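Work through the exercises below with the chain in view. Try each task before reading its solution.

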Amino acid sequence: MTIDTHTLVKSKPALGVESPTLENYWHPVAESAEVTEDRPLAAELLGKRLVAYRANGEAHVLDDLCVHRGTALSLGWTTPEGCIVCPYHGWEYDGGGHCQKIPSLPPGARIPSGAKVRSYQVAERYGLVWVSLSEPVTGITEWPSAEWEDPNVKIFYSHRYSWQASAARTVENFMDLSHFPFLHDGMLGSRDRTITNAYEVTQTDYGFYYDYIELEPGGVHSPADSEVHWEYFLWLPFSVHLRKGTSDGQSTVVSLVSSPTTDETNELFLFISRNYDQESDDQSYLDFTHVIMEADRHVVESQRPVPLPVELTEELHLRGPDAAALAYRRSLAALGVFS
Ligand code: FES
Ligand SMILES: [Fe+2]
């Protein structure tokens, strides 16, 4: 279904949540391998300090704040019973955040009912630990065409970046195809061909989709001047899968999941998949993407205001080249997550 982007995502699946905020979505806070049984890990999401730890194979995420005196639990350690221990006075909390032991009280003494910290819903997928701070209203992003499960596709976790920029600005940059000829001249576009033709944005149950066909500028992974099919799968609010398809059937998907550590910073988890050249080292693909991402970071970190203005009267939009950005801003505004 192709729709007028003015009406995009008016009908948010509420799933029982009246006014969802960004807390009602899944965001990755760490790589699974970082969350060990040995020591807790500090993390941050939407300005909230969190601690992640693993007990009996299961990842737990709690507020990184001991209710006794506000100490960071991430400074503590874990027990074989699956608790996290505050380093200050040794209170022990289980994975649900309930205090199980207060060493300064005699054996058998009642543990106060208020002795607990908030724990959050956790899911592990794609090698990442995902958290929803409140009841989730959607699922975790999925790869287009099920690349994740396809044995003919090689997929690897490429890199993690920390940007001094809002998640929404970062995602909008990743979706913006009209900057390719300019900022990525010779790599993703050419300054000899700067015009962006009109393209359609289509609503989906996860967000929206759009695609665009142009000629390969640099011939880095496909012959110069061959046709390239760019496809964008935007999972609201902060995940994008960008597929580059060539006329000979090669498909490369660069997937970005942005996690809003604060309103003005974000962590980017990047994956790259390809259905060709599987024997080669992944490094050249990582290196290529890294050059692109660094050019983007330089620009995006300069943007002001840092939060993405979702009111369309702010900043100046072009009908045509900015269709995806307009759809994104309207979608975020319609979700109400920035209000
Ligand atoms: S501050 Fe955590 S046990 Fe006292
Ligand atoms: Fe870019």
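**Exercise 1. How far apart do the C-alpha centres of domain 1 and domain 2 lie?**

Solution. This is a predicted model, in which local features need pLDDT of at least 70, side-chain atom pairs count only at pLDDT 80 or more, and totals for chains, interfaces and linings use all residues. Residues are numbered from 1 along each chain as its sequence is written, while chains are lettered from A and ligands numbered from 1 in the order in which they are written.
- Step 1. Find the bounds. Domain 1 covers 26–132 and domain 2 covers 144–335; such bounds come from an automatic or database domain assignment.
- Step 2. Read the separation. The C-alpha centres of domain 1 and domain 2 lie 35 Å apart.

**Exercise 2. In what order do the strands of the open sheet with β1 run?**

Solution. 
- Step 1. Order them. The sheet has 3 strands, β1-β10-β9, with antiparallel pairing. Two strands pair if DSSP finds at least two bridges between them.
- Step 2. Find the edges. β1 (27–31) and β9 (121–125) each pair on one side only.
- Step 3. Check one pairing. Strand β10 (residues 128–132) is joined to β9 by 5 bridges. Within this pairing, Gln121 stands opposite Ser132 in β10.

**Exercise 3. Which residues have the most contacts inside the largest nonpolar core?**

Solution. 
- Step 1. Define the set. A nonpolar core consists of buried Ala, Val, Leu, Ile, Met, Phe, Trp, Tyr and Cys residues joined through C-beta atoms within 7 Å. Buried means that 20 or more other C-beta atoms lie within 10 Å of the residue's own, with C-beta atoms placed from the backbone.
- Step 2. Name the residues. The largest core has 65 residues, and Val29, Leu50, Val51, Ala52, Val129 and Leu234 have the most contacts inside it.
- Step 3. Trace its sources. Helix α4 (residues 323–335) gives the largest share, 6 residues. Domain 1 and domain 2 each supply at least three residues.
- Step 4. Look around Val51. Beyond its neighbours within four places in sequence, Val51 is in contact with residues including Pro40, Leu62 and Ile84.

Terms used. Buried ≥ 20, exposed ≤ 12 C-beta atoms within 10 Å, placed from the backbone. Helix = DSSP H or I, 4+ residues; strand = E, 2+ residues; numbered from the N terminus. Contact = placed C-beta atoms within 7 Å.
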